[in-house]
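Subject: Structure for you to look at

Dear colleague,

My notes on what was found follow directly below it.

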Amino acid sequence: MRIIERKPYIERLVRLCGTPDIKIITGMRRSGKSELVRMYIRMLKKEDANVIYIDFGDLRYEDLKTYRALYDYVEAQYKENCENILVVDEVQLCEKFELAINSLHNSHKYDIYITGSNAFLLSSDLSTLFTGRYLEIPVFPFSFEEFCRYFEIDGLSDNALDDYVVRGGLSGSYVYKTEEDRVEYIKDVYDTIIKRDLVDKYRVNEVSLFDTLAEFLMDNVSNLTSANKISSILKQNNVETNHVTIGNYLKYLCNAFMFYKVKRYDIRGKKYLETSDKYYLGDLGLRYAILGARNMDYGRAYENIVAIELLRRGYSVYVGKLYEKEIDFVVMKQSQKIYIQVSDDISNSTTLERELAPLKSIRDSYPKILLANTKHRAYDIDGIQVQDISRWLLGANGVSDGE
């Protein structure tokens, strides 16, 4: 398997090196957390630091799988008069690991980084596990730019983006030579998230319903929905459930980074709306592997890819509402605010006007962008930037197209 540098993540880890927080690397199963840690360690070892690395997925560390053994081992590896960096991978395999990690952190002697299974390091659990300051570093599956670098392809070629829609960013699937084996790998990742991680952790009794909900969300990416609406639709299809159960299951799927919930934002009233949300799939490769090509809507698929890319770039992401119009994304970062509309094909003038209309109705002066398959460099229509979606996805860590 080829290894490519995941520069934005490495750069962030470097910036955080030496800070007093426990750095917790989170993300969907098989999104590359462990390989990222190993890449970072190789870099640290060149800096003359004392790196204490423990991988509980490796039998060499079998004897450390109690919190006391872990604590004693780390203390024995400590060196005076240098920077001591502790990296623990698959930390959940150590019994009561949080006791050891919290005690080591409280000693103020170690710069601590940990990763683990999402069943044990869910975002919602971190504040109860760790008593000291912690910082969550979300890791996503390969971006379109990383996908192109891995396969050494031109991201502006005709089929590159559509290939990414189907194959997704779970790079472990890239090593398989046949489509059948690649899909089987992704199905196994899906089954592990659903059945081993979430069903076991939350003691889900209605596994079939849980599976049905996940498939429903994959089939409806980029559509507004709610627990009440999903419950009603499933009941119409003779699936017995209620909005409370669906609401809990939605939360579980988001906790495991399989889906990301994006709330609505009233642009005129400048407030967040509670009625309906959108759920974006963490990696579209899962959708194709589980559902096949049924109901493939590339416009909605592109919107999903843009949503995840915006999260990857560190933006707070919302679905915009202005009167009866919907703006795909209102994104914010510090003092920045940007409005983004996503479309598949705007070559037809009627479609172009329909996509521009919501952006034109916004009266403030924040940037407005329409992303579509233009195959051209960026241009301007009435103050709205029209950008080719592939160029934008290949761009740097901003919202420009990187030209």
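Is strand S11 (residues 336-342) largely enclosed by the rest of the structure or left open? Please keep in mind that this is a predicted model. Six of the seven residues of S11 are buried, so the strand is largely enclosed by the rest of the structure.

The surroundings of S11 can be followed strand by strand. On one hand there is strand S10 (residues 325-333), which pairs with S11 in the antiparallel sense over five bridges, and within that pairing Val 330 has Tyr 339 of S11 as its bridge partner. Two residues lie between the strands in this hairpin of S10 and S11, where Gln 334 takes a positive phi near 55°. On the other hand there is strand S12 (residues 368-372), which runs parallel to S11 and is joined to it by four bridges; here Tyr 339 stands opposite Lys 368 in S12. S12 is in turn joined by four bridges to strand S14 (residues 384-388), again in parallel, with Ile 369 opposite Gln 385 in S14.

These strands belong to an open sheet of nine strands with mixed pairing, whose order is S6-S8-S7-S9-S10-S11-S12-S14-S13. Strand S6 (224-225) and strand S13 (379-381) stand at its edges with a single partner strand each, so one side of each is left without a neighbour in the sheet.

As for the protein in general, there are 15 helices and 14 strands. The radius of gyration is 22 Å, close to the 22 Å that the globule rule gives for 403 residues, so the protein is as compact as a globular protein of that length. The C-alpha trace spans about 70 × 50 × 50 Å along its principal axes, and 54% of the 403 residues count as buried. Among contacts between residues at least 6 apart in sequence, 65% join residues at least 24 apart. The protein exposes about 18700 Å², of which carbon and sulfur atoms supply 45%. There are 55 positive and 61 negative side chains, and the centres of the two sets lie 4 Å apart.

Two of the helices deserve a look. In helix H7 (residues 160-167) the buried residues are Ala 160, Leu 161, Tyr 164, Val 165 and Val 166, and what covers them includes helix H6 (144-151), helix H8 (179-202), helix H12 (284-291), helix H13 (298-312) and H15. After H7 comes Gly 168, with a positive phi near 75°. Helix H15 (residues 389-394) contains Ser 390, which is buried, with a relative accessible area of 1%. Apart from neighbours within four places in sequence, Ser 390 is in contact with Phe 144, Gly 155, Leu 156, Leu 161 and Asn 373.

Finally, there are two loop residues to check by eye. Glu 90, in the loop between strand S3 (84-89) and helix H4 (97-106), has a phi near 55°, a positive value in a residue other than glycine, and it counts as partly exposed at 25% relative accessibility. Ser 222 lies in the loop between helix H9 (207-219) and S6; its phi is near 75°, again a positive value in a residue other than glycine, while at 5% relative accessibility Ser 222 counts as buried.

With best wishes

Note on methods. Residues numbered from 1 in each chain as written. Predicted model: local features only at pLDDT ≥ 70, side-chain atom pairs only at ≥ 80, totals over all residues. Heavy atoms only, no water. Rg over C-alpha atoms; globule rule 2.2 N^0.38 Å. Buried < 20%, exposed > 50% of the residue type's maximum accessible area, 1.4 Å probe, protein only. Contact = heavy atoms within 4.5 Å. Areas by Shrake-Rupley, 256 points an atom, 1.4 Å probe, with all protein chains shown as cover. Lys, Arg positive; Asp, Glu negative; His and termini not counted. Charge placed at Lys NZ, Arg CZ, Asp CG, Glu CD. Pairing = 2+ DSSP bridges.
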